[in-house]
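Dear colleague,

I am handing over the structure we talked about, and below it you will find what came out of looking through it. Please read the notes with the structure open beside you.

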Amino acid sequence: MNTLDPANWSSLRALGHKMLDDMVDHLASIREQPVWRPMPEAVRQGFVAPLPLRGTDVEALYARFTADIQPYVTGNLHPRFMGWVHGGGNPVSMLAELLAGAMNANCGGRNHVGIAVERQVIAWAAEMLGMPAETSGVLLTGSSMANFCAVLCAKQKALGEAGHESGLNGAKLTAYASAGVHRCVTGALDMAGFGRAALRKIPLDAAFRMDMDKLREAIAADKAAGFTPFFIAATAGSVDAGAFDDLNAAADIAAEHGAWFHVDGAFGALAALSPAWRHLTSGLGRADSIAFDFHKWAQVTYSCGCLLVRDPAVQNAAFAQATNYLAAAPRGLAGGFPWPCDLGPDLSRGFSALKVWMTLSAYGTEGLASLVENSCTLAQRLAAQVQASDRLTLLAPVTLNIVCFGIEDKANQEILDLVADLQEEGLFAPSTTTIEGRTVIRCAIVNHRTQAGDIDALVAEILRRI
Ligand SMILES: *Cc1c(COP(=O)(O)O)cnc(C)c1O
């Protein structure tokens, strides 16, 4: 074999057309399909096969895909998928993935249109979230990486060049976030070498927000003990309950102590698009950095997260390194700096910017805002039905699009079983969490396909079974 291209393109073309037709049919009929199907053991075993030495016809591989892969994926395309916080994707983004695959552009850097598209998307993101026009940023796999990179930017600000050469070198730096912070922020402190204990988890108030008095107390105690607070991460839309920390208060406290003010707005930052919900994000535009996802509420296909950084010089200094083989050139393909590889940890990177650019362009921010509003309206509908039932109890305030409720007189295990039954029967996919020791059903309404009838059917089905 001396090339991977076919001698004759016509059969590949025909197969490609069939794949596209099948995938459009798949999207168009998603509501008629089960939300999720447990994978049979034989299918699982099919993916512990020996390394292929010889090739297989791509027609046969596509038959394999149709039989063994397509039916057993996560289910987050489905309108009745309400678990975790998963985006539903969108057909334009799906097509953009095909185009990006065809271009196979390496968007780590160099002087080509992929970099221009990513800069456009970053500028749009900054505008969407109320950050200044000069804001820099980079697309990453998700908010986990974006939060991690934000910690590295804060480390850059705190330690400068010395932090690159010698690491933390005994620096007593402390970080702060609410007790409801996503685990990836804890992981970010760990991966950045500070250790998990450097993240002080501040208790929640009654509305599941970071208690700002307790934050002040923790900072005062740490300072008295010789620590330097370097990073305050507020949460805009907590993963458990969708709660918003008081971003202005957190920004004030960060400014007072010279700490980096970061916002984890993985899904909740997108509330800034909606005039009806924007008030929750007041103060977001004061952030030194924001982590958020395009693959959740913005419905871009997985994966795509984003880090925005107010001071481009800090982001560049946090990641850039001078090397001969990546030297900046004034012209030619090696021109066009700054390159994304100097704004994050990845050198080779795909063309995720294309699917974001196409999604934002196709639907507009008004279109996305109406999806955000629809999710929130549905969450309120669900909360109202929970409150109207004497068997169900709302167990966290509904700030945005997440509803957590318990079932009266049901043991935690019975609730876990009920949710697993609904998932395994392919009917609904809520998830669960624990609030004050109680197992609760957690519905995160994120999918743009979810309608009022889906909410009503979920409540009716749960009530029927208890
Ligand atoms: C989903 C989520 C994350 C992690 O983002 P990924 O895109 O899954 O890496 C972080 N914080 C919050 C609040 C989230 O909801």
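H4 passes H11 in a right-handed crossing. Please keep in mind throughout that this is a predicted model. The axes of helix H4 (residues 91–103) and helix H11 (residues 352–388) come within 8 Å, and they cross at roughly 145 degrees. On the H4 side the contact is made by Pro91, Val92, Ser93, Ala96, Glu97, Leu99 and Ala100, which meet Leu354, Lys355, Met358, Thr359, Ala362 and Tyr363 in H11.

**The seven-stranded sheet**

Seven strands form an open sheet with mixed pairing, in the order E1-E7-E6-E5-E4-E2-E3. Strand E1 (136–140) and strand E3 (199–202) each have a single partner strand, so one side of each is left without a neighbour in the sheet. From one strand to the next, the twist averages 20 degrees. E6 and E7 are paired in the antiparallel sense over five bridges, and Phe292 has Cys306 in E7 as its bridge partner. Helix H6 (residues 143–166) lies across several of these strands, including E1, E6 and E7, and runs at about 180 degrees to strand E5 (260–264). Helix H10 (residues 312–319) lies across E1, E5 and E7, running at about 50 degrees to E1.

**Lys296**

The loop between strand E6 (289–293) and strand E7 (305–309) holds Lys296, where an unreviewed UniProt entry places the feature "modified residue: N6-(pyridoxal phosphate)lysine". Is Lys296 buried or exposed in the model? Lys296 counts as buried because its relative accessible area is 14%, and the cut-off for buried is under 20%. Leaving aside residues up to four places away in sequence, Lys296 touches Val85, Gly87, Ala266, Phe267 and Val446.

**The four-stranded sheet**

Four strands form an open sheet in the order E8-E9-E11-E10, and here the pairing is antiparallel. Strand E8 (392–394) and strand E10 (431–435) stand at the edges of this sheet, each with a single partner strand, and the twist averages 40 degrees from one strand to the next. E8 is joined to strand E9 (residues 402–407) by three bridges, with Leu394 standing opposite Phe405 in E9. Helix H12 (residues 412–424) packs on the sheet, touching E9, E10 and strand E11 (438–444), and its direction makes about 30 degrees with that of E11. Helix H13 (residues 452–465) lies across E8, E9 and E11, running at about 130 degrees to E8.

Note on methods. Residues numbered from 1 in each chain as written. Predicted model: local features only at pLDDT ≥ 70, side-chain atom pairs only at ≥ 80, totals over all residues. Heavy atoms only, no water. Axes fitted to C-alpha atoms, helices over the stretch in contact; angles between N-to-C directions. Helix = DSSP H or I, 4+ residues; strand = E, 2+ residues; numbered from the N terminus. Left-handed = near helix turned anticlockwise from the far one by under 90°. Contact = heavy atoms within 4.5 Å. UniProt positions renumbered as here; feature names shortened; annotations may be inferred. Buried < 20%, exposed > 50% of the residue type's maximum accessible area, 1.4 Å probe, protein only. Pairing = 2+ DSSP bridges.
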